[in-house]
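Here is a short report on one protein model.

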Amino acid sequence: MNKVIVDVDSTLFGFDVPLYKLLVQMNVNIPIPSNWHKWCFWEDYMEESDFYKAVNSIHSNQLSYSPFSYARELLQSLHRKGLYVVIASHRDNDQLGVLKKWLEIYDLYYDEIHVSHDKKILFDENVKYLIDDCPETITYALEKGIKCISILYSWNKQLIGTGIVFKKNLKEIYNMVKTGEM
Ligand SMILES: [Mg+2]
């Protein structure tokens, strides 16, 4: 069984804008998302516990956010290709219920949902593709020979040239499936 692992935050919906809105309330000097040039851009501006409070707040309110255009079509096309679709999100385990509800409300296909603070346990020999924006996860998957695809952001653009396929949006990733690139 060939698997594809699909991330949620900044992959299936826009996570950066709601996050920025919360972070700027804590520190007005926090840069805007287009200036988040590293994964831990927030480190110089706030405590880790405050940052994760904001992250958890967005996860708790998951139902307030719409998925990106073509999220539904992309997941359905991966399923139709015969891939086993694992939705994997870095979030607290008590957020699983609301995430599941969100996926169901928006008719987003999945075979399995994984919620944890370590996605690396998912990368077995059956995983053929990763769709995720996180540099650490992508680097790990690339080392395992997994084909990685991501939307290009300021916080992952340093990976250009490493073998990852960057796309502008989910429509372009969906087109990869349609044309047989995935
Ligand atoms: Mg993400």
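L130 stands opposite C148 in β5. The model is a predicted one: local features need pLDDT of at least 70, side-chain atom pairs count only at pLDDT 80 or more, and totals for chains, interfaces and linings use all residues. Residues are numbered from 1 along each chain as its sequence is written.

**Around strand β5**

Strand β4 (residues 127–131) pairs with β5 in the parallel sense, over 3 bridges. Two strands pair if DSSP finds at least two bridges between them. β5 also pairs with strand β6 (residues 165–167), in the parallel sense and over 3 bridges. There, S150 stands opposite F166 in β6.

Why is β5 largely enclosed by the rest of the structure? Of the 5 residues of β5 (residues 147–151), 4 are buried, so the strand is largely enclosed. A residue is buried if 20 or more other C-beta atoms lie within 10 Å of its own, exposed if 12 or fewer, and partly exposed in between, with C-beta atoms placed from the backbone.

**Domains and their contact**

The protein is divided into domain 1 (3–13 + 67–178) and domain 2 (16–64). These bounds come from an automatic or database domain assignment. The C-alpha centres of the two domains lie 21 Å apart. The contact takes 14 residues from domain 1 and 14 residues from domain 2. Contact means C-beta atoms, placed from the backbone, within 7 Å.

On the domain 1 side, α4 (96–105) and α5 are the elements that give two or more residues. α4 gives the most, with 5 residues.

**Nonpolar cores**

A nonpolar core is a set of buried Ala, Val, Leu, Ile, Met, Phe, Trp, Tyr and Cys residues joined through C-beta atoms within 7 Å. The largest has 31 residues, of which V4, V6 and L74 touch the most other members. Elements that each supply at least two residues of this core include β1 (3–6), α3 (71–80), β2 (84–90) and α6 (170–178). Another core lies apart from it, with 7 residues, among them L19, L23, I30 and V55.

Leaving aside neighbours within four places in sequence, V6 is in contact with T11, L12, L75, V85, V86, I87, A88 and I131.

Most residues other than glycine have a negative phi. S10 has a positive value, near 65°. D107 has a positive value too, near 60°. S10 is found in the loop between β1 and α1, and D107 in the loop between α4 and β3 (112–116).

M46 sits in the loop between α1 (16–26) and α2 (48–60). Its C-alpha atom and that of M26 are separated by 7.7 Å, although the two are 20 residues apart along the chain.

| Residue | Other C-beta atoms within 10 Å | Class |
|---|---|---|
| S10 | 20 | buried |
| M46 | 16 | partly exposed |
| D107 | 11 | exposed |

How values were computed
Contact = placed C-beta atoms within 7 Å.
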